[in-house]
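Please read it alongside the sequence and the model.

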Amino acid sequence: MSQAQLLLDACPLCAAASFRRLPAFVRDHIVRCEACGFNFSERIPTAEEYEAVYGEGYDYAAEDARQTEVNRANERAVANRLAPYLKLGRVVDVAAGAGRLLLQLGELGFEPHATEFNEERLRYLRSKGIKAHEGGLFPDLPAESFDVVIFTEVIEHINNPIPVLANIANLLRPGGALYVTTPNFDSLERRLLGQDWGMILFPEHITYWTPRHIDQAMKNVGLSRASLKAQGVSPFRILQALQKRGIGESLSAEAGSDRVQAAVAGNPGLVLAKKAVNGALIGLGLGSSIEAIYTK
């Protein structure tokens with residue numbers, strides 16, 4: 001890294017030093033590695049930019065209060081998929097946020113652990129009965145002591161993925177599972193919306209993942225794919241992009257997402273259409289979100 005210029009001088013995935021800027025994404029400093037094709041923001045966010053995004057003050061209690069039955073059902077479905085990995089009895093969510101998936105896994109017999117970056121977030125997790133640990137992405141926890149590691153919507157926020165994933169792999173017992181999610185840069189949404197896609201978001205999002213690149217990263221740290229799908233489309237993100245172009249009603253993220261969810265859930269035809277579209281997107285690898293399980 002060149003700290004004086006605040007620019008990365010090597011690809012975060014393969015360490016190659018040759019990459020080219022993507023003209024459509026200059027605003028967010030996105031370049032593509034010429035060796036492996038990985039897309040990432042060349043510019044390193046400043047300390048002030050990091051503080052603006054990740055400083056104390058985010059209201060996780062309000063986020064929890066906004067959760068719908070659809071959200072909870074989705075979390076229960078994920079927990080049930082991870083339940084077969086129960087052996088030692090422990091799960092850890094790295095950079096856990098509100099830690100909601102941990103509560104679902106706790107009901108299935110896992111002892112829930114979490115890591116976070118500041119005391120405010122640790123206190124909130126502990127208030128929910130979760131064993132919360134300092135250390136963020138590099139907690140001081142015993143090696144091979146967890147059946148499952150959760151790493152959801154985090155990897156796109158970091159530009160040092162290989163050391164972070166190597167540490168996560170070290171936490172897993174042999175045969176344990178890493179559950180990971182991240183936006184899909186190969187998605188139909190991104191292809192249609194370009195720089196207005198809501199997941200292109202410097203300085204918050206600084207690496208941009210595809211199924212191929214997730215596989216490459218996991219292979220680099222000794223993990224093997226158990227399952228992977230690129231699923232879903234977000235009508236709200238499409239509405240957001242239209243609003244950026246001056247089309248349509250302006251809505252907050254929460255209000256827009258809630259309105260779209262309610263509209264779909266209340267219309268059987270839309271539910272069926274959504275399932276059909278999602279099936280096609282999964283088959284083509286063009287869904288907006290990557291969801292994967294890797295094992296050690």
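## Overall make-up

Among contacts in the protein between residues at least 6 apart in sequence, what percentage join residues at least 24 apart? The share is 68%, where contact means heavy atoms within 4.5 Å.

The model is predicted, so local features need pLDDT of at least 70 and side-chain atom pairs count only at pLDDT 80 or more, while totals for chains, interfaces and linings use all residues. Residues are numbered from 1 along each chain as its sequence is written, and side-chain values use heavy atoms, with hydrogens and water left out.

The protein has eleven helices and eleven strands; these are DSSP runs numbered from the N terminus (helices H or I, at least four residues; strands E, at least two). Of its 296 residues, 47% count as buried, that is, under 20% relative accessible area, with exposed meaning over 50% and partly exposed in between (1.4 Å probe, protein chains only).

## The sheet

Seven strands form an open sheet with mixed pairing, in the order β6-β5-β4-β7-β8-β11-β10. Strands β6 (131–133) and β10 (224–231) are at the edges with a single partner strand each, so one side of each has no neighbour in the sheet. From one strand to the next the twist averages 15°.

Strand β5 (residues 111–115) pairs with β6 in the parallel sense over three bridges; two strands pair if DSSP finds at least two bridges between them. Ala-114 stands opposite Ala-132 in β6.

Asn-118 lies in the loop between β5 and α5 (119–127). Asn-118 counts as buried because its relative accessibility is 12%. Its side chain reaches the backbone nitrogen of Glu-120 at 3.2 Å.

## Helix α3

Helix α3 (residues 69–82) lies across β7 (146–152), β8 (172–183), β10 and β11 (289–295), and runs at about 20° to β11. Such angles run from 0 to 180 degrees between N-to-C directions, with axes fitted to C-alpha atoms, for helices over the stretch in contact.

Asn-71, Glu-75, Val-78, Ala-79 and Leu-82 are the buried residues of α3. They cover an arc of only 100° around the axis, which puts them on the same side of α3; the arc is that of the directions from the helix axis to the C-beta atoms.

## Helix α8

In α8 (residues 211–220), the buried residues are Pro-211, His-213, Ile-214, Ala-217 and Met-218. Their arc of only 165° around the axis puts them on the same side of α8. They pack against α6 (161–171), β8, β10 and β11, whereas Arg-212 and Lys-219 are exposed on the other side. Just after α8, Gly-222 takes a positive phi of about 85°.

Methods. Polar contact = N/O pair within 3.5 Å; in protein donor to acceptor, adjacent residues only side chain to side chain.
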